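Please look over the protein shown here. A set of questions and answers on its overall build and on selected residues follows.

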Amino acid sequence: PRYTDIDVWEPADILDAMVEGQFAAVAAVRAALGPIERAAAAIEARLQDSGRLIYAGAGTSGRLAVQDGAELMPTFNWPRERLLLFIAGGDRAMVQAIEGAEDEGEQATELARHHLVDAKDVLVAVAASGTTPFTLACVREARLRGALTVGIANNADTPLLMESDQAIFLRTGAEPIAGSTRMNAGTAQRVTLNLLSTLVMIRLGRVYRGLMVDVQAANAKLANRKEEMLVYLTGRTREDAQRALASANGSVKLAVLLLHDCGVERARTLLSEARGNLRIAVDRYVEGASKTTISR
């Protein structure tokens with residue numbers, strides 16, 4: 001009722017009311033930090049080896065989910081073959097509304113079957129209402145096939161939350177424009193997805209000392225950033241960093257170990273044994289080097 005006459009308010013009052021809703025959306029995420037943390041721990045356990053991360057949704061929720069998933073590749077070098085993006089209506093739905101797409105439960109079921117979703121995989125499903133047929137069908141088929149399912153919704157006690165292994169409820173309440181879930185609900189979903197995936201990537205060792213050490217050098221800026229990271233992490237010169245990156249085929253993690261005077265093959269072995277966690281690999285190398293020095 002508060003927003004019934006929003007169309008005749010002064011612009012400043014409209015903006016003030018909307019930004020207030022955005023703050024409330026972030027507060028709703030803070031209230032859900034416990035479930036987000038538990039979901040991240042469950043996801044991490046499944047993705048330690050070869051499991052795939054799957055995002056599913058329709059409309060605004062689907063676009064937000066797909067965006068979060070797509071950003072994991074350049075930011076954390078998450079393998080393309082370990083990422084699936086299920087959006088009702090397919091790729092066209094990213095830029096236009098596809099009539100009736102969210103009701104296509106059969107399409108969702110077929111997607112899960114076609115991609116052979118199994119117990120190694122994780123499916124993150126997002127729906128503001130918690131009742132979207134496409135999204136629910138994704139969750140049901142994924143669970144049937146043994147995958148871990150995470151449901152994110154803005155309505156309590158809805159099928160999406162009740163049927164997912166990990167449920168994240170975001171209590172964002174009514175929208176300033178009724179039914180426009182791209183606003184408060186969308187903001188809360190975006191923040192939640194960002195927190196969830198980033199925490200998982202950190203736990204999987206794709207961040208070291210606050211840096212994106214798995215970042216892809218897709219442009220000159222990022223190539224330069226790689227060199228700066230190595231200078232910061234090792235105290236060596238930029239020329240040393242450039243040579244190490246060349247020897248490491250562009251891998252910052254491998255280059256860090258090389259700049260610690262570790263051989264290439266030994267560095268590869270250390271990273272493999274540490275499942276890509278650079279901190280563990282560096283600690284093991286330093287510990288081994290110290291033992292060698294002491295024995296001498």
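**Questions on the fold and its residues**

Q: In which helix does T234 lie, and which residues does T234 touch beyond its sequence neighbours?
A: The model is predicted: local features need pLDDT of at least 70, side-chain atom pairs count only at pLDDT 80 or more, and totals for chains, interfaces and linings use all residues. Residues are numbered from 1 along each chain as its sequence is written, and side-chain values use heavy atoms, with hydrogens and water left out. T234 belongs to helix α8, residues 220-234; helices are DSSP runs of H or I with at least four residues, strands are runs of E with at least two, and both are numbered from the N terminus. Contact means heavy atoms within 4.5 Å, and, not counting residues up to four places away in sequence, T234 touches V256, L259 and H260.

Q: How many helices and strands does the protein have, and what share of its residues count as buried?
A: There are 12 helices and five strands. The C-alpha trace spans about 80 × 50 × 35 Å along its principal axes. Buried means under 20% relative accessible area, exposed over 50%, and partly exposed in between, with a 1.4 Å probe and protein chains only. Of the 296 residues, the buried share is 46%.

Q: What share of contacts with a separation of 6 or more joins residues 24 or more positions apart?
A: These contacts are counted over the protein, with a separation of 6 or more. Residues 24 or more positions apart account for 61%.

Q: Why do the buried residues of α4 lie on the same side of the helix?
A: In α4, residues 105-114, the buried ones are G105, A108, T109, L111 and A112. The arc is that of the directions from the helix axis to the C-beta atoms. The five share a side of α4 because they cover an arc of only 155 degrees.

Q: Which exposed residues does the opposite face of α4 carry?
A: The buried residues of α4 are covered by elements including β2 (83-87) and α5. L116, with a positive phi near 55 degrees, follows α4. The face turned away from the buried side carries E106 and H114.

Q: With which side chain does that of E141 make a polar contact?
A: E141 lies in helix α5 and is buried, at 7% relative accessible area. E141 touches T109, A112 and R113, not counting residues up to four places away in sequence. A polar contact is a pair of N or O atoms within 3.5 Å; within protein, one must be able to donate a hydrogen and the other to accept it, and residues adjacent in sequence count only if both atoms are side-chain atoms. At 3.3 Å, the partner side chain is that of R113.

Q: Is G130 buried or exposed?
A: G130 sits in the loop between β3 (122-126) and α5 (133-144). Not counting residues up to four places away in sequence, G130 touches L136, A153, T158, P159 and L160. With a relative accessible area of 0%, G130 is buried.

Q: Is D261 buried or exposed?
A: D261 lies in the loop between α10 (252-258) and α11 (264-273). Its phi is positive, near 70 degrees, in a residue other than glycine. At 61% relative accessibility, D261 is exposed.
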